[in-house]
Amino acid sequence: MASPISKSLISVLIALFLISSSFASSDVPFIVAHKKASLKRLKSGAERISVSIDIHNQGTSTAYDVSLTDDSWPQDKFDVISGNISQSWERLDAGGILSHSFELDAKVKGMFHGSPALITFRIPTKAALQEAYSTPMLPLDVLAEKPTENKLELRLLAKYGSQISVISIIVLFVYLITSPSKSAAKGSKKKR
């Protein structure tokens with residue numbers, strides 16, 4: 001039989017599950033934001049950073065006065081080329097998606113670790129402004145010297161790689177068939 005401690009532990013877990021499920025089904029917005037940045041090298045040697053942030057409302061009600069602010073791009077290291085680092089929307093319906101993007105021009109060489117973007121919104125049942133954060137982005141190696149790839153080798157590998165693999169397998173198979181096996185040589189000798 002189960003001990004009294006395990007019975008009470010099970011009843012506490014069931015109570016927590018029921019309470020958490022009642023909170024999960026309440027009528028509130030649930031904001032999930034994904035931030036991604038990609039580098040693009042220009043022919044002039046400069047590097048552009050394209051940033052896009054997608055905001056999803058996974059909740060069951062509308063979020064109002066939604067605003068996005070991404071202050072992780074210092075002005076001494078980056079210039080805003082197109083778009084803004086902040087944006088506001090009147091509402092985000094349940095199940096809806098908002099997208100925002102902007103481009104930056106890098107001024108300084110080195111690794112950059114950006115912070116998540118801040119999303120603020122209002123819900124009708126609370127007067128206080130609600131906050132959500134986007135996912136953090138991966139570190140960017142801005143204006144890094146990347147080794148040049150030898151495109152000729154990649155082209156040859158792509159063109160003849162499969163033929164070389166097949167020929168190698170056939171040669172290995174022929175070698176295994178034609179070479180005498182050590183156990184077969186021992187078995188053919190007669191013991192006296």
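Is F112 buried or exposed? Select F112: at 8% relative accessibility, F112 counts as buried (buried is under 20% relative accessible area, exposed over 50%, partly exposed in between, with a 1.4 Å probe and protein chains only).

Before moving on, note that this is a predicted model, where local features need pLDDT of at least 70, side-chain atom pairs count only at pLDDT 80 or more, and totals for chains, interfaces and linings use all residues. Residues are numbered from 1 along each chain as its sequence is written, and side-chain values use heavy atoms, leaving out hydrogens and water.

F78 and F112 make an edge-to-face aromatic pair, 4.9 Å centre to centre with 70° between the planes. Rings of Phe, Tyr and Trp (its six-membered ring) pair if their centres lie within 6.5 Å; planes under 30 degrees apart are stacked, over 60 edge-to-face, the rest tilted. F78 sits in strand β4 and F112 in strand β7, so this pair ties together parts 34 residues apart in sequence. Strands (E, at least two residues) are DSSP runs, numbered from the N terminus. F78 is buried too, at 5% relative accessibility.

Next, the whole structure. A search finds three aromatic pairs. One of them is W73 with F112: stacked, 4.9 Å centre to centre, 25° between the planes. W73 lies in the loop between β3 (63-69) and β4 (78-82), and F112 in β7 (residues 110-112), so the contact ties together parts 39 residues apart in sequence. W73 counts as buried, at 6%.

Finally, show W73, F78 and F112 together: they form one aromatic cluster.

Key:
Helix = DSSP H or I, 4+ residues; strand = E, 2+ residues; numbered from the N terminus.
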